[in-house]
Amino acid sequence: MKKTYLFIALAALSLNASAQKFDLQGHMGARGLMPENTVGGMLRALDLGVTTLNMDVVITKDRQPVLSHEPYFNHEFSLTPEGKEITLKDQKNYNIFKMDYEQVKKFDVGSKVHNRFPGQQKYKAYKPLLAEVIDSAEAHAKATKRSKPYYNIETSLIRKGDVEFQPEPSKFVELIMAVVNEKKISKRVMIQSIDIRTLQYLHEHYPKIKTSLVIDEKVDFEQNIETLGFKPTVYSPYYVLVGKSLVERCHDMGVKIIPWTVNSLKDLNYLIGLGVDGVVSDFPNIYQMVKPAGKKK
């Protein structure tokens, strides 16, 4: 009998430790170090020890979920198939929702120096399919004997851009979930969005899938949850909006809080001290510099 109680106690401790594990998310892979939302960036993030690969997904004309923060080719780092630069004025004319994936893949999103991230490794890269990223990450984890990664997939869109830059929310979610189900990773997937319509549809039709509400402006926490209509798994605000009170209110409601985008060691240490459940960072390597006492394992 004593052995049975000991086993139960140890199992409970193990589950509690797992539940408290700090979720280090590599933003767009590891955007500060590698071209964003690329296979290479995702694999680099895994090598840096991230728990979760944080990525953005848009939809092509032939209804393929592809990694991209914008539903067009950003002028900051994109080159045309001919190697020409894209201007700020013209970037939205390179609308991914109006291109088949074979067209999208011809653009170079890795060679041009990104002025906001000059330390990125530069090489010719393309926007990969969500399916390719998952296959590559799973294979890399297996080959390097790492734990299987989690995936935080954001429905990346333009406000009021339905039909022109993205499908309506229901179709957007269904296209992503088709890949998730095909790859059999639903237990390791979270869908996040700033667009509550996406999350509301997901919650209604796929209630077992974890959700993350992205917040980019100062609005009352309880008001945001009320507008959403249900408790998300994660509340993900811009990091400057996070204080001790917000962390406590999230936890009191049973919601995890994972701020974005935390790119300095000072900010990371501060947020860990507040008790956040994880962070999203362009530089996931900075977590290695956090003092052991401050790390959640």
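Which strands each supply at least two residues of the lining of the second largest pocket? In this predicted model, they are strand S2 (52–59) and strand S4 (150–155), strands being DSSP runs of E of at least two residues and helices runs of H or I of at least four, numbered from the N terminus. Residues are numbered from 1 along each chain as its sequence is written. Because the model is predicted, local features need pLDDT of at least 70 and side-chain atom pairs count only at pLDDT 80 or more, whereas totals for chains, interfaces and linings use all residues; side-chain values use heavy atoms, without hydrogens and water.

The average pLDDT (the predictor's confidence in each residue, from 0 to 100) is 93, and 92% of the residues score at least 70. Over residues 1–19, pLDDT stays under 50, and the model has two contacts beyond four places in sequence for this segment; a contact denotes heavy atoms within 4.5 Å. Where pLDDT is low, predicted coordinates should not be read in detail.

The second largest pocket holds about 460 Å³ of space. A pocket is an open set of points on a 1 Å grid over the protein atoms alone, where a 1.4 Å probe fits, with protein on both sides within 12 Å along at least five of seven lines; lining residues have an atom within 4 Å of a point. The volume is the space filled by probe spheres set on the points, which are joined across faces, edges and corners. Of the 24 lining residues, Asp56, His69, Glu154, Ser156 and Ile194 lie nearest the centre of the pocket.

The largest nonpolar core comprises 60 residues, and Leu53, Met55, Leu130, Tyr151, Ile153, Tyr235 and Leu268 have the most contacts inside it. Such a core is a set of buried Ala, Val, Leu, Ile, Met, Phe, Trp, Tyr and Cys residues joined through side-chain atoms within 4.5 Å; buried means under 20% relative accessible area, exposed over 50%, and partly exposed in between (1.4 Å probe, protein chains only). Helix H5 (residues 169–183) gives the most to this core, with seven residues. A second, separate core of 12 residues includes Val58, Val66, Phe73 and Phe107.

Two loop residues were also examined. Lys148, in the loop between helix H4 (130–143) and S4, is exposed at a relative accessible area of 55%. Beyond four places in sequence, Lys148 contacts Glu138, Ala141 and Arg188. Thr261, located between strand S8 (256–257) and helix H9 (265–274), is buried at 11% relative accessibility.
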